[in-house]
Amino acid sequence: MSASGSLYVNGEFTPAASGHTAPVHEKATGDPIGAYALGGPADVDRAVAAARAAQPGWAALGAPERAACLERFAEDLRSRYEELVELSMRETGGVRAKAEDEVTAGLRQLAISAVQAVQSAGDILQPYKAGKLSLSRAVPLGVIGVITPWNYPFNLALRAVAPGLAFGNTIVLKPAELTPILGGQVFAEAAHAAGFPPGVFNLVTGDGPEAGHALAEHRGLDLLDFTGSREVGLAIAASAAADLRQIRLELGGSNAFVVLEDADIELAASCAMVASLEFQGQTCISASRHIVLREVADRYVEAVTRRVERLRVGDPVREQVELGPLISEAQRDRVHRGIVQPSLAKGASLVAGGTYEGLFYRPTVLTGVTPDMPAFSEEIFGPVLPITVVDSEEEAIGLVNGYPMLMNSVFTADLMRGMAVAERLQAGEVHVNDAHARHGAENQMPGFTRRQWIGVQRTPLEPPAWTR
Ligand code: NAD
């Protein structure tokens, strides 16, 4: 069963209420590779109603049965592994290694969630008084709306969908309009093949301001799980605050890559390729700012530029390349006109790249970057390495902090110094002498259940006089 051009609501592939579809393009060639239904508020209403109706039965089904459903869902996707890897390369424009990582991480998340579903359902707590039994158990939240971005559409959807389903929640997924096949349609096909009860998994494709907005605003959700830009995240947070709707946001930031004067420069430069250029820099944990001590700045710029000039940019499906196309013209214009050109106009120097053909943007090295330039303060989401020179470790730490960020790196020959600097950087994750998280699928259970504390009276208690 193919989901091309359809929504998946209440166990059925259906057209959008609008009756309209839009094409999906291969990013390197611009060729059409499918279509997605242009869903809107009426479709979101139907999907949320189906998910709400299905949720009590799904939660009551029992963990082994839910786990078995998830295993069949995973099996269907695993049997299509090669097809999904190629789809990722075409639909997102990433090279094979990125596509394999993405699909593998998603499948691993499904396996973990299926196991977690049948493992511990909570804890036995120390009772606050002798003679009492105190339990804490995980209870599903209910209906979860999931909105995902285009950069890793497969595993970023599954990191919410898999644990959500495992713990008895039902789902309405709205994938990014640039990647609705790998980010949505393949899941609808797998849910159908796995025999999910109708309404447990629902897919509403469509554009952000219509289908996305309708889902984010929907009062029938128990949680909205959003991964995407700070701009959209801020608007969702502001709206949710008005009536205290529950949301979970995974947004972007301007991540920093710090090179101290005692660092191994060749190691730092090769990690910089991964940190700033993997998937053309379109990763939420990409390094956006390179902050380098003056003593080693020239050597670092030379080592980075030497590597950048060797990199090949092209079609990841048909050529041997390290970088593919950017995801869209809008994204390319944001990088070139919104980041690189204004930073050059403010006095940065172009050492490599800075040009493009179509969506193929040359990896770019900028030096002389200062905090008043967008290359320093903005999330770039493109293949650009802006380099800022500082005179001390203290100055480096001061420049890193104070911006929204997800992950930083620090390079130094002295591990203890690296740890000390890492402790002072305000990011959720810091790597010493390494780039990017090498994390596996995450354990998301706490985000998709609420905790329920249970008190049980074990020994008969004489009621207090005033209650008799
Ligand atoms: P985006 O915010 O433009 O879109 C994300 C999703 O939101 C898409 O499905 C889109 O259709 C939808 N959307 C757009 N407008 C909406 C609206 N008004 N209401 C509701 N939904 C709407 O982001 P993007 O360009 O797809 O993704 C890139 C961003 O995502 C970057 O900032 C990146 O850092 C971030 N990101 C974060 C993580 C993370 O785990 N923290 C992971 C990947 C990407």
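The buried residues of helix 11 pack against strand 15 (356-357), strand 16 (360-361), strand 17 (364-367), helix 12 (374-377) and strand 18 (384-390). The model in which this packing is described is a predicted one. Helix 11 itself spans residues 329-345, and its buried positions are Gln331, Arg332, Val335, His336, Ile339, Val340 and Ser343. An α-helix has 3.6 residues a turn, so residues three or four places apart point the same way. Just after helix 11, the backbone at Gly347 adopts a positive phi of about 115 degrees. At the level of the whole protein, the domain assignment gives domain 1 as residues 7-251 and domain 2 as residues 255-467, and the C-alpha centres of domain 1 and domain 2 are 27 Å apart.

Helix 5 takes part in two of the helix pairs examined here, one with helix 2 and one with helix 6. The axes of helix 2 (residues 63-78) and helix 5 come within 10 Å and cross at roughly 160 degrees; because this angle is over 145 degrees, helix 2 is roughly antiparallel to helix 5. The crossing of helix 2 past helix 5 is right-handed, and in the contact Arg66, Leu70, Phe73 and Leu77 of helix 2 meet Phe154, Leu158, Ala162, Leu165 and Ala166 of helix 5. By class, the residues of this contact comprise 8 nonpolar, no polar and 1 charged.

For helix 5 (residues 153-166) and helix 6 (residues 181-194), the axes come within 8 Å and cross at roughly 55 degrees, and the two helices are therefore oblique to each other. Pro153, Phe154, Ala157 and Leu158 contribute to this contact from helix 5, whereas Leu182, Gly183, Val186 and Phe187 contribute from helix 6. The class composition is 7 nonpolar, 1 polar and no charged residues.

Helix 3 passes helix 4 in a right-handed crossing. On the side of helix 3, the contact involves Tyr81, Glu82, Leu84, Val85, Ser88, Met89 and Thr92, and these meet Arg96, Lys98, Ala99, Glu100, Glu102, Val103, Thr104 and Leu107 of helix 4. This contact has 7 nonpolar, 3 polar and 5 charged residues.

Asn10, with phi near 55 degrees, is located in the loop between strand 1 and strand 2 (12-14) and counts as partly exposed at 40% relative accessibility. Asn433, with a positive phi of about 55 degrees, is located in the loop between strand 20 (429-432) and helix 15 (445-448), and at 23% relative accessibility Asn433 also counts as partly exposed.

Ser4 lies in the segment before strand 1 (7-9) and is partly exposed, with a relative accessible area of 37%. When neighbours within four places in sequence are left aside, Ser4 is in contact with Gly34, Ala35, Gln185 and Glu189. The C-alpha atoms of Ser4 and Gly281, which are 277 residues apart along the chain, are separated by 29 Å.

Technical notes:
Residues numbered from 1 in each chain as written. Predicted model: local features only at pLDDT ≥ 70, side-chain atom pairs only at ≥ 80, totals over all residues. Heavy atoms only, no water. Left-handed = near helix turned anticlockwise from the far one by under 90°. Helix = DSSP H or I, 4+ residues; strand = E, 2+ residues; numbered from the N terminus. Contact = heavy atoms within 4.5 Å. Nonpolar A, V, L, I, M, F, W, Y, C, P; charged D, E, K, R; others polar. Domains from an automatic or database assignment. Buried < 20%, exposed > 50% of the residue type's maximum accessible area, 1.4 Å probe, protein only. Axes fitted to C-alpha atoms, helices over the stretch in contact; angles between N-to-C directions. Parallel < 35°, antiparallel > 145°, perpendicular 65-115°, else oblique.
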